[in-house]
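These are my notebook entries on a structure I looked up. I set them down in the order in which I worked.

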Amino acid sequence: MVLLENDSFLTELTRLFQKCRTSGSVVITLKKYDGRTKPVPRKGHSDSFEPADNKCLIRASDGKKKISTVVSTKEVIKFQMAYSNLLRAHMDGLKKKDKKSKSKKTKATQ
Amino acid sequence: MPYFQTWEEFARAAEKLYLTDPMKVRVVLKYRHCDGNLCMKVTDNAVCLQYKTDQAQDVKKIEKLHGKLMRLMVSKETHSGAMETD
């Protein structure tokens with residue numbers, strides 16, 4: 001599992017989507033993360049670790065290659081914007097509504 | 001496997017489940033371009049909520065819910081929707 005910086009993660013995620021256009025699936029997992037780098041201590045030992053409250057872990061995989069990144073409060077705004085654009089740009093293989101097809105212009109201005 | 005029929009119910013149940021125990025809940029998104037479908041799952045390993053779609057109009061909803069849950073995870077607030085005033 002490769003842990004990347006937010007920007008590298010987004011680049012690699014783009015590559016995963018491009019690779020899986022003809023076959024395969026892209027799986028993305030999102031979970032709250034408290035910053036642990038050591039395993040949970042066995043009972044008897046006190047947990048001297050102070051859990052952070054402002055991070056989340058994002059993982060992505062195409063079945064073979066795995067990537068991940070940690071996003072914290074400071075980065076979430078920027079990351080979420082880029083991430084949303086990425087999802088919307090790549091998840092375009094789905095069916096569009098046929099009746100009354102009013103072509104809605106996607107938001108181009110930020 | 002319990003797939004929700006309406007997006008509304010799924011979104012509400014997902015947020016509610018997350019708020020009961022943020023550390024336990026994970027969100028999984030699976031996209032298959034070759035089959036043209038998208039599936040979202042929210043689970044705390046006891047309860048499992050799923051929604052799947054092949055409609056382009058649902059992509060935006062799923063992406064928005066994803067973003068909302070992401071922001072909830074990084075915020076220190078215990079209430080959803082509250083902005084950090086710090």
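**Entry 1: strand pairing in chain A.** I began with A:Leu3 and found that its bridge partner in β4(A) is A:Ser68. I note that the model I am reading is predicted. The strand β1 of chain A, residues 2-4, runs parallel to β4(A), and three bridges join the two. I then turned to strand β3 of chain A, residues 55-61, which pairs with β4(A) in the antiparallel sense over seven bridges. Within β4(A), A:Ser72 is the bridge partner of A:Lys55. I recorded that β3(A) and β4(A) form a hairpin with four residues between them. In the turn, A:Gly63 has a positive phi of about 105°.

I next asked why strand β4 of chain A counts as largely enclosed by the rest of the structure. The reason I found is that five of its seven residues, which span 66-72, are buried.

Entry 2: I looked up A:Thr29 and placed it in strand β2 of chain A, residues 26-33. Is A:Thr29 buried or exposed? Its relative accessibility is 18%, and because buried means under 20%, A:Thr29 counts as buried. Leaving aside neighbours within four places in sequence, A:Thr29 is in contact with residues that include A:Leu57 and A:Ile58, and also B:Arg26 and B:Val27. I then checked the pairing and found that β2(A) and β1(B) run antiparallel, joined by six bridges. One of the partners I noted is B:Tyr31 in β1(B), which bridges to A:Val26.

**Entry 3: the interface.** I recorded that 38 residues of chain A are in contact with 34 residues of chain B. Together the two chains bury about 3200 Å², with 65% of that area on carbon and sulfur atoms. B:Tyr31, B:Met70 and B:Val74 supply 22% of the area that chain B buries against chain A, more than any other three residues.

I counted two salt bridges between chain B and chain A. In a salt bridge of A:Arg88 with B:Glu63, the closest N and O atoms are 2.7 Å apart. The search for polar contacts across the interface gave 13 residue pairs. On the side of chain B that touches chain A, β1 (26-32), β2 (37-43) and α2 (57-74) each supply at least two residues. The largest share, 10 residues, comes from α2(B). By type, the residues of this side are 16 nonpolar, nine polar and nine charged.

**Entry 4: salt bridges within each chain.** Over all chains, the whole structure holds 11 salt bridges. I looked up the one between A:Glu12 and A:Arg15, whose closest N and O atoms lie 2.7 Å apart. These two residues are three apart in helix α1 of chain A, so about one helical turn separates them. A:Glu12 is buried at 15% relative accessible area, whereas A:Arg15 is partly exposed at 47%.

B:Lys61 is partly exposed at 33%, but B:Asp58 is buried at 5%.

Methods. Residues numbered from 1 in each chain as written. Chains lettered and ligands numbered in written order. Predicted model: local features only at pLDDT ≥ 70, side-chain atom pairs only at ≥ 80, totals over all residues. Heavy atoms only, no water. Buried < 20%, exposed > 50% of the residue type's maximum accessible area, 1.4 Å probe, protein only. Contact = heavy atoms within 4.5 Å. Buried area = accessible area lost by both parts, 1.4 Å probe. Salt bridge = Lys/Arg side-chain N within 4 Å of Asp/Glu carboxyl O. Polar contact = N/O pair within 3.5 Å; in protein donor to acceptor, adjacent residues only side chain to side chain. Nonpolar A, V, L, I, M, F, W, Y, C, P; charged D, E, K, R; others polar. Pairing = 2+ DSSP bridges.
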